[in-house]
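Colleague: Can you put the model up? I have some questions about it.

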Amino acid sequence: MTLSTMDFYTQAILSLAALIGLTSFLMLGQGRLLRLIFIFALQGFLLTLTTALVAYSLDNPHLYISAALTLALKVIFIPWMLRKEVIKMNMHRDVQALTNKTAVMMGGASLMVFSYYVLHPIVHTTTTVMLNALAVSLSVVLLGMLLMIAHRQAVAHVVGFMSVENGLFFAAIVATNGMPMVVELGVAFDVLVAAVLFGIFFLHIRTSIDSLDVDLLNRLHEVDK
Amino acid sequence: MIIVLAYCAVLLSFASGLLALLMNQQSHLLAANQFIVDKYPNLAKPLQNLLHYSLDVHRFPVLLRQAVFILLGLSGVFAVLAGLSVLLTQAVILDQIPLGLPWLPWHVRFDALSGFFFLMIGIAVSAVSLYGPSYVNAYDERHHPFAVLGLFTGLFVAGMLLVLLANDAFMFMIAWELMSVASYFLVAFQHENPANRRAAFLYLLMAEVGALAIILAFGVLASFADGFTFDALRNAPLSNLWASIAFGLALLGFGMKVGIFPVHVWLPEAHPVAPSHISALMSGVMLKVALYGLIRFCFDLLGNVQWQWGVVLVVLGTISALGGILYAMMQSNLKRLLAYSSVENVGIMIMTLGLAMIFLDSGFPQLAALGFLAALFHAFNHALFKNLLFLGAGILHHQTHELNIDHMGGLIKKMPHTSLLFLVGCMSISSLPLFNGFVSEWLAFQTALQADVLDNGILRSLIPVAAAALALTAALGAACFVKVYGMIFLGQSRSHHSEKAHEVGDKTMLAGPILLAVLCFLIGVFPGAIINLIDSVSLQLIGQTMPNDSTLGWLWLAPVSAQQASYSPPLVLVGVLVAGGATFWYLRRNPETKTMRRSATWDCGFGGINARMQYNCSAFTMPFRRIFANVWLIDERIDKTMKGAMQQDVAAVSHHLQIEDHTWGRLYQPIERGVNNLARLIGRIQTGNIRTYLGYSFVTLLLMLWVIS
Amino acid sequence: MNWLIAALQTALFVLLAPLLAGWLKCCKCALQNRKAPSVLQPYRDLLKLTRKNPVVAEQASWVFTRTPYIVFSMTVLAASVVPLIAVDLPTSASADVIVMVGFFAFARFFLALAGLDIGTAFGGMGSSREMTISSLAEPAMLMAVFTLAMAESTTNLSVAISHVLNDGLLLRPSFLFALYALILVAVAETGRIPVDNPTTHLELTMIHEAMILEYSGRHLALIEWASQIKLMLYGTLIVNIFLPWGIAENFTSSALLYGLLIIVAKLAALAIVLALSETLLAKMRLFRVQEYLSFAYLLGLLGLLSHIILEASR
Amino acid sequence: MIAAYFILLIPLFGIVFFAFLGHSENTGRFNVWLNVASFIATLWLAINVLNGGTLLSEDKAFLIDPFNVYLIVLTAFVGMTTSVFSAPYMAHEKELGKLNDARLKLYYSMFQGFMLAMYLVLTTNNIGVMWVAMEGATLATVLLVSLYRTPESIEAAWKYFILCGVGIAQALFGTILLYYAAVQIGDGGDNALLWSVLFDHADKLNPEILELAFVFLLMGYGTKIGLVPLHNWLPDAHSEGPTPMSAILSGLLLNDALYAVVRNKMLVDGATHSQIAGYLMMGFGLLSFLVAVFFLHRQKDIKRLFSYSSIEHMGLMTFAFGIGGANATFAALLHMTVHSLTKSAIFVTVGHAAQVAGTQSMEGIRGLIKTQPKIGWGLLIGTVAIAGFPPFGVFTSEFLVLLATMHSYPWLTPLLLLGIGIAFAGLFRHIQAMVFGEKPEGQLPVKANLFPVMVHLALVLWLGLAIPGFLAHWFSQATLLISGSAPL
């Protein structure tokens with residue numbers, strides 16, 4: 001099946017998937033926190049677009065609610081909160097150089113391939129769009145985790161965490177046309193609470209170690225020093 | 001009916017434990033009493049008086065202690081009755097108790113083998129409960145609460161009895177562990193002392209490892225059978241390999257409790273630190289319960305014993321016997337010494353059991369029955385005399401506040417009764433004729449001497465060598481107990497404490513040891529009674545009894561045939577009495593020379609013999625230390641403090657001697673180090689850095705995805 | 001009847017024992033160019049001692065004063081199970097050879113306790129050494145005895161000896177080893193040179209004597225007598241097990257008389273051999289005794305193995 | 001079914017009530033009463049199930065079957081006893097100046113929040129809601145971990161939050177995949193996430209997708225179970241939070257996470273007809289078990305010690321569920337019960353012990369039996385129970401697991417035994433030193449309510465000696481449901 005034989009909807013979804021994957025890559029390689037947050041907001045926006053598109057094409061009203069929630073939370077509230085935090089901590093000028101940027105990027109690329117490899121067994125039972133959507137969302141999840149591993153800033157961890165959620169949402173929406181409403185609402189609620197909690201934690205961590213570098217949170221360990 | 005007796009024994013020991021818990025509840029009891037009096041004012045006056053009397057502040061603890069021990073003693077009596085009646089009737093009683101797993105109630109089986117061990121435990125427990133009340137009086141209630149002691153003693157005894165009743169693997173393990181855990185608390189009873197805590201830990205650890213091995217052994221059987229009942233396990237169709245694996249596991253598990261070398265190390269640590277009457281039970285009967293387990297597992301559950309197992313047992317038994325007595329010899333702590341001597345005696349039992357296996361597999365069931373008899377008889381005897389000796393050690397500790405043999409001496413005059421009882425114990429354990437220890441050892445020798453009938457040349461030469469080692473063990477045992485008795489009771493007092501010691505005030509404390517001592521002697525002279533009982537055990541288990549074709553019956557002991565060997569303790573006793581009496585009468589017939597003149601001990605003319613000139617423990621055993629030097633890790637130093645201008649005059653000399661067990665350095669410390677090192681290595685995975693942790697999740701996820709696809 | 005003869009034989013055993021000691025001393029003196037006391041001197045010594053008032057150390061307890069009786073009666077009992085002039089004794093059945101070893105152990109146990117009872121260094125030294133040597137000698141002895149017991153498949157001495165008689169003259173290699181082992185053990189157990197020197201009173205070398213240093217009067221007499229019986233008993237064991245010919249197999253008076261003559265002759269000859277060896281050999285250091293005894297053990301083991309491998313292999 | 005709504009409404013009311021009413025001296029007591037009420041409601045539910053069998057609510061939102069009914073009762077029970085313990089404990093912490101009224105308000109409110117989440121996880125029939133509730137449990141407790149606001153507690157809470165958050169996100173992915181598989185067979189819409197529906201059609205689901213889904217679900221919920229190497233948050237969170245929370249985390253949260261895994265495993269097994277899910281669980285379980293026992297040896301903090309012990313036991317249960325036969329499943333169900341009872345009892349005594357000594361460091365805790373015998377004995381007996389000595393119930397389940405392993409995978413048994421032995425040594429080498437010996441200077445008893453401990457241990461003892469008929473029936477039913485065959 002070639003691209004030209006697909007309908008517009010499929011083409012759009014695939015493009016959006018590619019874009020979302022791209023944003024994940026961009027985040028992974030990003031050293032500046034403010035830019036990272038911006039890209040994250042962009043990813044959230046792409047997700048909103050996707051949701052809206054699916055809602056439109058399937059004429060499924062409750063997905064509009066979902067899109068609205070995503071817009072509010074992922075594009076506006078969380079980036080705003082993070083940005084405020086970064087500016088308050090005066091970190092927006094810092095450039096956090098990744099210790100081994102090339103390796104991380106190469107790793108990210110191989111993760112993408114790996115995602116396809118993992119999903120290969122189900123290729124015969126599914127359509128291309130589903131497969132691609134799942135693969136992209138899996139790689140977004142994995143890239144999000146890689147982002148958390150590679151970055152030392154707590155803010156980056158939150159971004160990574162939320163980007164993992166984005167990946168999940170993408171899968172939920174594209175592959176399954178949205179979860180049941182009660183679940184959607186629950187997940188959204190959880191994300192909201194999580195976001196609030198992150199805010200509280202930034203405060204605590206700052207008062208505790210006077211920094212947001214998670215590498216400094218290392219009192220509890222089992223290693224003989 | 002008989003099973004009711006057995007249940008009574010178990011329940012009474014539980015009850016004694018629970019009763020002990022009332023020790024701290026005096027105020028509640030008083031309140032309850034008040035309540036009863038108020039509620040039923042017309043209650044019988046005598047009952048009211050009784051309640052009032054017994055709840056008196058000062059009287060209550062004493063009465064309660066006595067009541068607890070009376071219950072325990074009753075449990076012992078019931079155990080004896082149950083054991084005797086099942087042995088005499090030869091019945092096999094099956095029952096079920098609605099406890100345990102939903103599809104597996106506790107199965108109970110009471111047969112001759114259990115009955116015999118019931119008898120053993122019953123006697124020991126009765127003796128201990130006669131002895132107990134005055135012994136525990138010495139404990140300060142605030143530091144060593146009786147509630148704890150009494151509770152766990154009751155549970156301990158109940159556990160032992162339940163092990164004997166168990167007829168499924170699950171109940172067996174529960175009872176087994178109940179026994180272990182309860183005795184752990186007893187070992188840890190005087191926990192102020194760090195050494196005691198260490199001993200308790202070691203004990204529990206080894207008990208746990210042993211129990212796991214036993215579970216695994218049952219597991220091997222169970223995986224071939226359907227279900228965990230012994231009936232099912234008995235019918236498990238095992239290949240020889242799996243049977244041998246099960247045997248090896250059972251040997252490890254039960255061997256840890258029995259105290260086979262080299263897994264004996266907990267024994268000399270744990271036995272000395274428990275209160276003496278508990279040590280008596282642990283050494284005297286708990287080890288026997290483990291022996292029961294081994295017998296039950298090998299002869300009953302596995303069924304087809306193989307002679308190779310017998311060889312393993314013979315070798316291990318011989319090593320334990322020799323090692324045990326050699327280590328015992330070097331100890332100066334009385335209870336430690338007794339504990340090591342338990343290792344020795346257990347070694348003898350195991351060895352004889354091994355002989356029984358060899359004969360059984362080689363097609364000589366009658367000889368197997370003989371070996372079996374020797375093993376069980378020795379177990380019985382050991383229960384008696386080791387109990388006696390531990391109780392004696394308790395009395396000594398009670399009176400002198402010492403357990404170090406080197407700090408005693410000359411007690412024979414101060415404690416005449418105790419010394420006599422202890423002497424009986426020492427003679428029995430040294431296997432001197434006329435006492436019970438000798439009979440079982442004689443039977444063991446007789447078994448070993450039948451090796452001639454075997455076809456296998458290696459076995460035929462191995463067994464006599466083991467027998468000779470047994471002879472060496474016996475001789476060393478005698479030397480060891482000469483040392484014990486001589487250092488404790490004879491000579492001059494070696495310390496202040498022993499100088500001030502006096503006989504126990506409360507004679508009931510001697511009642512327990514007297515019971516045991518009388519039994520030691522009676523069984524030594526009339527072994528036939530017990531042998532007949534054991535015969536019914538071997539009839540059930542091996543299907544053969546010992547032939548007793550001698551003409552005079554109970555007077556003679558002829559294990560194989562009268563032509564081959566015989567022993568008649570009653571006649572020997574008569575002979576001794578005649579010979580001794582005649583000389584005694586003859587030499588003292590003249591009233592003029594009958595009197596003895598007392599004079600000062602010959603001091604070579606230097607004057608002033610004092611207690612420090614006597615031989616002490618380490619001096620007594622010095623020749624052995626030189627001869628068997630490699631058996632121990634000996635650290636012997638003589639430090640001299642010099643004085644004078646040129647530092648040439650000796651101001652003081654001190655002798656320092658430490659004897660250590662080889663097994664520690666060779667076996668246990670490497671394991672401990674290994675675990676600690678491994679733990680340190682594994683500890684490194686928890687770095688404290690959250691990114692590392694995320695990395696773990698990430699890698700795990702990738703790995704799993706890779707695995708799945 | 002049998003019991004009577006057994007009792008008589010035991011009495012004979014007990015009574016003859018001092019004579020053997022006297023004879024041994026005679027032989028030794030003759031070999032060493034000394035003037036010997038009368039052969040009956042041990043009897044005189046014993047009689048004299050029994051008439052004396054014993055002196056007992058103040059420290060001594062009942063263990064000390066009762067031990068001589070125990071030692072003596074145990075030794076007599078041991079003597080009663082060994083066929084001296086006749087086999088088929090009922091007493092042999094009441095206690096076999098292992099029990100006999102047990103009797104000795106019993107006696108030794110009390111003797112060692114008595115040594116410790118007074119609380120002197122000598123007593124302790126003696127007890128310690130005695131127990132050391134005996135605990136090494138006992139397995140060696142049992143090894144030798146086991147060879148016999150397995151070869152004749154009995155531990156009953158009477159039965160064993162009659163089996164040997166019935167077998168006729170068989171050259172058993174196992175018996176040679178066992179004999180040698182038994183001789184070595186006998187020397188050690190009876191406290192003869194080269195293991196111990198019964199005539200010494202030099203503290204550092206004493207073993208047996210150190211234990212009984214405090215004894216006097218009738219107590220000493222009993223202990224001395226007991227050790228003489230023990231000597232004779234080992235001698236009898238050696239000659240009667242390995243050279244049983246001449247021993248009475250039935251209870252006719254002629255056979256018994258013949259048996260008596262033969263055993264006296266055999267023991268006298270054995271005493272000469274012993275005296276010779278005592279003259280020729282020097283006493284060993286205490287800590288070489290274990291080598292001596294382990295040699296005896298090894299011989300016993302070889303005897304047993306040669307029985308199993310050479311004589312009874314199937 | 002009304003009972004189920006009550007069970008959910010009572011804690012919901014509790015959250016609101018505590019959050020808005022503020023803290024007073026009676027809050028602790030009121031918390032107890034709320035939990036008692038929940039417990040009574042669960043008993044009511046249990047009786048309904050006992051009489052009527054499996055209950056499915058009209059809208060199919062709630063499902064109560066033998067597998068979860070006993071967990072619901074257990075959850076309510078442990079919650080109740082822990083609240084009994086927590087009232088004087090938290091009051092004492094306040095006296096010590098570690099906490100203020102505002103934090104106590106948060107504490108009680110979140111306590112109820114956590115209970116709500118737990119009940120929801122157990123009662124819901126919708127695996128999506130199950131996920132939401134599980135995440136909710138994390139969110140409710142994360143602030144409790146950092147309740148003391150010490151640098152360590154904040155660090156622990158952050159790790160807990162991030163690691164569990166990331167973990168649980170993976171579970172969501174797994175859930176989505178499940179949903180995807182359900183949608184594929186044309187069963188879309190709201191019903192497609194209902195467990196009962198999925199279970200009925202399990203064999204039609206696409207096995208490849210389900211395998212994949214299970215990997216994510218296991219990773220996700222496994223993080224919450226504390227499976228090595230995803231366990232790193234667990235000891236930190238347990239040791240730094242207030243002790244009552246450690247008790248309910250260990251006693252309830254871990255169980256419920258495992259419950260979630262097993263529920264999902266049942267679906268996967270139905271679809272794949274292979275042992276793949278079982279093998280994964282066995283591998284994880286065994287690894288966790290073996291690694292945790294070594295950690296026990298190196299601990300200095302008493303609560304960390306027991307949290308590693310929790311990992312060990314969760315590993316064992318996971319392993320047992322992984323084996324999957326009737327005996328192993330029965331054993332695992334029983335182990336869930338006895339472990340949570342015992343472990344929460346231990347945490348209660350641990351909390352008091354730490355208050356007696358004034359420190360959580362084991363070097364500072366000495367001579368408990370001399371200072372306060374009840375606490376000392378409670379801790380000692382609890383440890384004896386958790387170490388798997390009979391006649392306590394932990395032994396029963398471990399015994400069955402061992403035999404089941406012996407039956408199916410004999411070569412794994414030595415590993416298990418080794419682990420049990422090393423675990424025992426690791427626990428006792430620390431415990432003995434704490435309970436025995438002379439008491440340190442100036443150590444004084446504290447006000448403690450050890451009623452929960454006694455009740456828990458008595459129950460564990462009872463379960464070890466005999467399993468009551470109705471419980472055995474539930475276990476057997478659940479075993480039948482999970483493994484497809486009833487125990488012998």
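Colleague: In chain B, how many of the 12 residues of strand S5 (residues 649-660) are buried?

Modeller: The count is 0, so to speak hardly covered; buried needs 20 or more other C-beta atoms, placed from the backbone, within 10 Å of a residue's own. This is a predicted model, with local features needing pLDDT of at least 70, side-chain atom pairs 80 or more, and totals using all residues. Residues are numbered from 1 along each chain, chains lettered from A and ligands numbered from 1, in the order written.

Colleague: Which strand pairs with S5(B), and in what sense?

Modeller: Strand S4 (residues 633-643) of chain B does, in the antiparallel sense over 11 bridges; pairing takes at least two DSSP bridges. Strands are DSSP E runs of at least two residues, helices H or I runs of at least four. Ser654(B) is the bridge partner of Asp639(B).

Colleague: Which residue in that hairpin takes a positive phi?

Modeller: Gly644(B), near 90°, in a hairpin with 5 residues between the strands.

Colleague: Switching to chain A: at what angle do the axes of H3 (residues 61-88) and H6 (residues 154-176) cross?

Modeller: Roughly 170°, and the axes come within 11 Å. Axes are lines fitted to C-alpha atoms over the stretch in contact, with angles from 0 to 180 degrees between N-to-C directions. H3(A) and H6(A) are therefore roughly antiparallel, the term for angles over 145 degrees.

Colleague: And chain D, how many helices and strands?

Modeller: Chain D has 19 helices and 2 strands. Buried residues make up 70% of its 488 residues. Its C-alpha trace spans about 70 × 55 × 40 Å along the principal axes.

Key
Angles under 35 degrees count as roughly parallel, over 145 as roughly antiparallel, 65 to 115 as roughly perpendicular and the rest as oblique.
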